[in-house]
Amino acid sequence: MSYAFPPGGLPDQSTNPEGHAVFTPAYAVIPANTQRDIVTSFLPGWKGMRMWVLARPLSGFAETFSQYAVELAPNGGSDAPEADPESQSVILVATGTLTLNIDGAKHVMGAGGYAYIPPDAVWTIWNDGDAKAEFHWVRKRYVGAEGVDLPEAFVTSDQENAPVVMPDCDGVWATTRFVEPTDLRHDMHVNIVTFQPGGRIPFAETHVMEHGLYVLQGTADYLLNKDWVPVGPGDFMWLRAFCPQACITTGNEPFRYLLYKDVNRHMPL
(Lines give C-alpha, C1' and ligand atoms only; values in the text may rest on other atoms or scores of the structure.)
Protein backbone atom coordinates (compact mmCIF):
# COMPACT_ATOMS: atom_id res chain seq x y z
CA MET A 1 0.00 0.00 0.00
CA SER A 2 1.15 3.52 -0.73
CA TYR A 3 -0.05 6.93 0.42
CA ALA A 4 0.38 9.74 -2.10
CA PHE A 5 1.20 13.30 -1.03
CA PRO A 6 1.68 16.63 -2.83
CA PRO A 7 4.90 16.64 -4.87
CA GLY A 8 5.93 20.23 -4.08
CA GLY A 9 8.77 21.68 -6.13
CA LEU A 10 8.13 23.70 -9.26
CA PRO A 11 7.90 22.46 -12.88
CA ASP A 12 10.50 23.84 -15.27
CA GLN A 13 9.71 26.34 -18.01
CA SER A 14 9.30 23.63 -20.65
CA THR A 15 6.17 22.26 -18.96
CA ASN A 16 2.82 22.86 -20.63
CA PRO A 17 0.47 24.40 -18.03
CA GLU A 18 -2.62 22.76 -19.48
CA GLY A 19 -4.08 20.05 -17.25
CA HIS A 20 -7.30 18.84 -15.69
CA ALA A 21 -7.53 21.30 -12.79
CA VAL A 22 -11.07 22.64 -12.70
CA PHE A 23 -13.48 24.42 -10.38
CA THR A 24 -17.19 24.17 -11.20
CA PRO A 25 -20.40 24.90 -9.26
CA ALA A 26 -20.69 21.16 -8.51
CA TYR A 27 -17.11 19.95 -8.01
CA ALA A 28 -13.44 20.85 -8.12
CA VAL A 29 -10.38 18.84 -9.14
CA ILE A 30 -7.00 19.87 -7.72
CA PRO A 31 -4.45 17.64 -9.48
CA ALA A 32 -1.20 16.61 -7.85
CA ASN A 33 0.80 18.58 -10.43
CA THR A 34 -0.74 21.83 -9.13
CA GLN A 35 0.24 21.14 -5.50
CA ARG A 36 3.55 22.97 -5.66
CA ASP A 37 5.77 24.99 -3.33
CA ILE A 38 4.27 28.37 -4.28
CA VAL A 39 0.78 27.42 -3.03
CA THR A 40 1.76 26.25 0.46
CA SER A 41 0.54 27.88 3.67
CA PHE A 42 1.95 28.13 7.19
CA LEU A 43 0.26 28.25 10.60
CA PRO A 44 1.06 30.18 13.79
CA GLY A 45 2.16 28.00 16.69
CA TRP A 46 3.95 25.47 14.49
CA LYS A 47 7.63 24.82 13.86
CA GLY A 48 9.10 23.42 10.64
CA MET A 49 5.78 22.93 8.86
CA ARG A 50 4.10 23.82 5.63
CA MET A 51 0.79 22.66 4.22
CA TRP A 52 -1.40 22.53 1.17
CA VAL A 53 -4.98 23.64 1.84
CA LEU A 54 -7.07 21.39 -0.40
CA ALA A 55 -10.55 22.27 0.87
CA ARG A 56 -12.11 24.93 3.09
CA PRO A 57 -15.76 25.73 3.85
CA LEU A 58 -17.19 27.78 1.00
CA SER A 59 -20.67 29.25 1.13
CA GLY A 60 -22.83 27.71 -1.60
CA PHE A 61 -20.33 24.92 -2.28
CA ALA A 62 -18.99 22.42 0.30
CA GLU A 63 -19.48 23.97 3.72
CA THR A 64 -18.70 21.38 6.40
CA PHE A 65 -14.95 20.64 6.38
CA SER A 66 -11.39 21.63 5.64
CA GLN A 67 -8.65 19.33 4.39
CA TYR A 68 -4.89 19.85 4.51
CA ALA A 69 -1.77 17.98 3.45
CA VAL A 70 0.90 18.81 6.05
CA GLU A 71 4.67 18.40 5.76
CA LEU A 72 6.83 18.45 8.91
CA ALA A 73 10.59 18.86 8.82
CA PRO A 74 12.67 16.91 11.36
CA ASN A 75 11.88 18.32 14.84
CA GLY A 76 8.87 20.12 13.39
CA GLY A 77 5.42 20.13 14.93
CA SER A 78 3.19 21.92 17.41
CA ASP A 79 2.10 21.83 21.03
CA ALA A 80 -1.10 23.67 20.07
CA PRO A 81 -2.06 22.44 16.59
CA GLU A 82 -5.80 23.21 16.71
CA ALA A 83 -7.04 26.79 17.11
CA ASP A 84 -10.77 25.97 17.16
CA PRO A 85 -11.99 24.26 20.38
CA GLU A 86 -15.08 22.94 18.56
CA SER A 87 -13.06 21.24 15.80
CA GLN A 88 -12.49 17.49 15.52
CA SER A 89 -9.72 16.00 13.42
CA VAL A 90 -8.67 12.91 11.53
CA ILE A 91 -5.00 12.36 10.68
CA LEU A 92 -3.61 9.83 8.18
CA VAL A 93 0.17 9.51 7.98
CA ALA A 94 1.53 9.37 4.42
CA THR A 95 5.31 9.14 5.04
CA GLY A 96 7.75 9.23 7.91
CA THR A 97 7.05 8.91 11.62
CA LEU A 98 4.91 11.15 13.82
CA THR A 99 4.62 11.35 17.60
CA LEU A 100 1.03 12.17 18.51
CA ASN A 101 0.08 12.87 22.12
CA ILE A 102 -3.65 12.94 22.95
CA ASP A 103 -4.65 13.79 26.52
CA GLY A 104 -1.32 12.53 27.82
CA ALA A 105 -1.26 9.29 25.82
CA LYS A 106 1.71 9.01 23.45
CA HIS A 107 1.37 7.32 20.06
CA VAL A 108 4.13 6.79 17.48
CA MET A 109 2.61 6.54 14.01
CA GLY A 110 4.11 5.43 10.71
CA ALA A 111 2.77 5.39 7.15
CA GLY A 112 -0.88 4.36 7.21
CA GLY A 113 -1.30 5.46 10.83
CA TYR A 114 -4.77 6.87 11.50
CA ALA A 115 -6.04 8.94 14.43
CA TYR A 116 -9.38 10.45 15.38
CA ILE A 117 -9.16 13.45 17.73
CA PRO A 118 -12.42 14.75 19.31
CA PRO A 119 -13.09 18.43 19.93
CA ASP A 120 -12.43 18.31 23.67
CA ALA A 121 -8.97 16.70 23.37
CA VAL A 122 -5.65 18.31 24.26
CA TRP A 123 -3.12 17.13 21.72
CA THR A 124 0.33 17.73 20.28
CA ILE A 125 2.06 16.43 17.15
CA TRP A 126 5.79 16.31 16.39
CA ASN A 127 8.20 14.76 13.93
CA ASP A 128 10.94 13.32 16.15
CA GLY A 129 12.66 11.54 13.26
CA ASP A 130 15.59 12.47 11.04
CA ALA A 131 13.51 12.65 7.83
CA LYS A 132 10.48 14.71 6.91
CA ALA A 133 7.04 13.38 7.79
CA GLU A 134 3.83 13.98 5.84
CA PHE A 135 0.21 13.58 6.84
CA HIS A 136 -3.32 14.28 5.68
CA TRP A 137 -5.48 16.29 8.10
CA VAL A 138 -9.28 16.55 7.89
CA ARG A 139 -11.07 19.00 10.20
CA LYS A 140 -14.77 19.47 10.89
CA ARG A 141 -16.57 21.49 13.55
CA TYR A 142 -18.40 18.93 15.66
CA VAL A 143 -22.21 19.01 15.69
CA GLY A 144 -23.56 17.61 18.95
CA ALA A 145 -26.92 15.91 19.43
CA GLU A 146 -29.12 15.59 22.49
CA GLY A 147 -28.45 12.39 24.40
CA VAL A 148 -25.36 11.58 22.33
CA ASP A 149 -21.93 11.54 24.00
CA LEU A 150 -18.81 12.97 22.43
CA PRO A 151 -16.74 10.37 20.57
CA GLU A 152 -13.55 9.15 22.18
CA ALA A 153 -10.10 9.63 20.69
CA PHE A 154 -8.50 6.58 19.09
CA VAL A 155 -5.33 5.72 17.18
CA THR A 156 -5.09 2.80 14.78
CA SER A 157 -3.76 2.20 11.25
CA ASP A 158 -4.85 1.26 7.76
CA GLN A 159 -3.00 -2.02 8.16
CA GLU A 160 -4.91 -2.96 11.34
CA ASN A 161 -8.37 -2.61 9.78
CA ALA A 162 -9.67 -5.08 7.23
CA PRO A 163 -11.63 -3.53 4.36
CA VAL A 164 -15.33 -4.37 4.27
CA VAL A 165 -16.36 -5.68 0.84
CA MET A 166 -19.39 -4.03 -0.70
CA PRO A 167 -22.30 -6.32 -1.65
CA ASP A 168 -22.80 -7.72 -5.15
CA CYS A 169 -19.41 -6.57 -6.48
CA ASP A 170 -17.38 -9.81 -6.68
CA GLY A 171 -14.93 -8.47 -4.10
CA VAL A 172 -13.51 -5.64 -6.23
CA TRP A 173 -14.94 -2.76 -4.15
CA ALA A 174 -14.22 -2.42 -0.43
CA THR A 175 -14.18 0.27 2.26
CA THR A 176 -11.88 0.51 5.28
CA ARG A 177 -14.18 1.98 7.95
CA PHE A 178 -12.43 3.32 11.03
CA VAL A 179 -15.78 4.13 12.69
CA GLU A 180 -18.90 1.97 12.68
CA PRO A 181 -21.61 3.62 10.52
CA THR A 182 -24.17 3.06 13.29
CA ASP A 183 -22.11 4.92 15.91
CA LEU A 184 -24.16 8.10 16.15
CA ARG A 185 -21.53 9.87 18.22
CA HIS A 186 -19.69 10.53 14.97
CA ASP A 187 -20.91 13.19 12.55
CA MET A 188 -18.23 12.54 9.95
CA HIS A 189 -16.58 9.49 8.44
CA VAL A 190 -13.09 9.50 6.98
CA ASN A 191 -12.58 6.15 5.26
CA ILE A 192 -10.26 4.56 2.72
CA VAL A 193 -12.01 3.20 -0.36
CA THR A 194 -10.29 0.52 -2.45
CA PHE A 195 -11.15 -0.76 -5.93
CA GLN A 196 -9.26 -3.69 -7.38
CA PRO A 197 -8.30 -3.49 -11.08
CA GLY A 198 -11.45 -3.65 -13.14
CA GLY A 199 -13.65 -2.41 -10.29
CA ARG A 200 -16.14 0.40 -10.55
CA ILE A 201 -18.98 2.29 -8.91
CA PRO A 202 -21.75 0.93 -11.13
CA PHE A 203 -24.16 3.85 -10.78
CA ALA A 204 -23.94 7.62 -10.43
CA GLU A 205 -24.06 8.20 -6.66
CA THR A 206 -26.13 11.30 -5.89
CA HIS A 207 -26.49 12.09 -2.19
CA VAL A 208 -26.50 14.75 0.51
CA MET A 209 -22.99 14.08 1.82
CA GLU A 210 -20.16 16.41 0.83
CA HIS A 211 -16.92 14.70 -0.17
CA GLY A 212 -13.21 15.22 -0.18
CA LEU A 213 -11.39 12.44 -2.09
CA TYR A 214 -7.59 12.31 -2.06
CA VAL A 215 -6.20 9.60 -4.36
CA LEU A 216 -3.63 7.58 -2.42
CA GLN A 217 -2.77 4.98 -5.06
CA GLY A 218 -3.72 3.83 -8.56
CA THR A 219 -5.70 5.41 -11.37
CA ALA A 220 -9.30 5.69 -12.51
CA ASP A 221 -11.69 7.57 -14.71
CA TYR A 222 -13.97 9.44 -12.30
CA LEU A 223 -17.44 10.75 -13.13
CA LEU A 224 -18.02 14.17 -11.58
CA ASN A 225 -21.44 15.62 -12.38
CA LYS A 226 -21.49 15.13 -16.19
CA ASP A 227 -17.73 14.92 -16.79
CA TRP A 228 -15.34 11.97 -16.84
CA VAL A 229 -11.96 13.00 -15.39
CA PRO A 230 -8.79 10.84 -15.30
CA VAL A 231 -7.28 10.84 -11.80
CA GLY A 232 -4.19 9.34 -10.19
CA PRO A 233 -2.00 9.48 -7.08
CA GLY A 234 -2.11 12.86 -5.32
CA ASP A 235 -5.15 14.19 -7.18
CA PHE A 236 -7.87 15.69 -4.98
CA MET A 237 -11.57 15.81 -5.79
CA TRP A 238 -13.89 18.12 -3.87
CA LEU A 239 -17.64 17.54 -4.23
CA ARG A 240 -20.60 19.53 -3.00
CA ALA A 241 -23.78 17.79 -1.87
CA PHE A 242 -25.74 15.94 -4.59
CA CYS A 243 -22.94 16.05 -7.19
CA PRO A 244 -23.27 12.77 -9.16
CA GLN A 245 -20.16 10.58 -8.96
CA ALA A 246 -18.93 7.20 -10.15
CA CYS A 247 -15.61 5.66 -11.19
CA ILE A 248 -14.05 3.00 -13.40
CA THR A 249 -10.57 1.85 -12.46
CA THR A 250 -7.73 1.89 -14.95
CA GLY A 251 -4.28 0.35 -14.71
CA ASN A 252 -3.06 -2.82 -13.00
CA GLU A 253 -2.96 -1.85 -9.32
CA PRO A 254 -5.63 -1.06 -6.73
CA PHE A 255 -7.25 2.38 -6.89
CA ARG A 256 -7.42 3.79 -3.34
CA TYR A 257 -8.57 7.12 -1.96
CA LEU A 258 -9.12 8.84 1.38
CA LEU A 259 -12.80 9.80 1.58
CA TYR A 260 -14.48 12.41 3.81
CA LYS A 261 -18.24 12.65 4.24
CA ASP A 262 -20.57 14.32 6.74
CA VAL A 263 -23.15 11.98 8.30
CA ASN A 264 -25.70 11.31 11.06
CA ARG A 265 -27.12 14.77 11.70
CA HIS A 266 -30.17 16.86 10.78
CA MET A 267 -29.72 19.27 7.93
CA PRO A 268 -29.57 22.87 9.24
CA LEU A 269 -32.63 24.86 8.16
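**Sheets, cores and a cavity in a predicted model**

Strand S14 gives the largest share of the lining of the largest cavity, namely three residues, where strands are DSSP runs of E with at least two residues, numbered from the N terminus. The model is predicted, so that local features need pLDDT of at least 70 and side-chain atom pairs count only at pLDDT 80 or more, while totals for chains, interfaces and linings use all residues. Residues are numbered from 1 along each chain as its sequence is written, and side-chain values use heavy atoms, with hydrogens and water left out.

**The cavity**

- The structure holds one cavity of 30 Å³ or more, a cavity being a set of points, on a 1 Å grid over the protein atoms alone, where a 1.4 Å probe fits but cannot get out.
- The largest cavity has a volume of about 40 Å³, a volume being the space filled by probe spheres set on the points, which are joined across faces, edges and corners.
- Its lining consists of Val90, Tyr114, Tyr116, Phe154, Val179, Met188, His189 and Val190, where a lining residue has an atom within 4 Å of a point.
- S8 and S14 are the elements that give two or more residues to this lining.

**The nonpolar cores**

- In the largest nonpolar core, which has 27 residues, Val190 and Trp238 touch the most other members; such a core is a set of buried Ala, Val, Leu, Ile, Met, Phe, Trp, Tyr and Cys residues joined through side-chain atoms within 4.5 Å, and buried means under 20% relative accessible area with a 1.4 Å probe, protein chains only.
- Among the strands that each supply at least two residues of this core are S3 (47-55), S14 (188-195) and S18 (236-239).
- Apart from this core lies another, of 24 residues, including Ala26, Phe195, Leu223 and Leu224.

**The sheets**

- Eight strands form an open antiparallel sheet in the order S1-S2-S18-S15-S20-S14-S13-S12, where two strands pair if DSSP finds at least two bridges between them.
- Its edge strands are S1 (22-23) and S12 (164-165), each of which pairs on one side only.
- Within this sheet, S12 is joined to S13 (residues 173-176) by two bridges, and Val165 stands opposite Ala174.
- Another open sheet has three antiparallel strands in the order S17-S16-S19, and because S17 (227-231) and S19 (245-250) each have a single partner strand, one side of each is left without a neighbour in the sheet.

Key: Helices (H or I, at least four residues) and strands (E, at least two) are DSSP runs, numbered from the N terminus. Buried means under 20% relative accessible area, exposed over 50%, partly exposed in between (1.4 Å probe, protein chains only). On a 1 Å grid over the protein atoms alone, a cavity is a set of points where a 1.4 Å probe fits but cannot get out, and a pocket is an open set with protein on both sides within 12 Å along at least five of seven lines; lining residues have an atom within 4 Å of a point.
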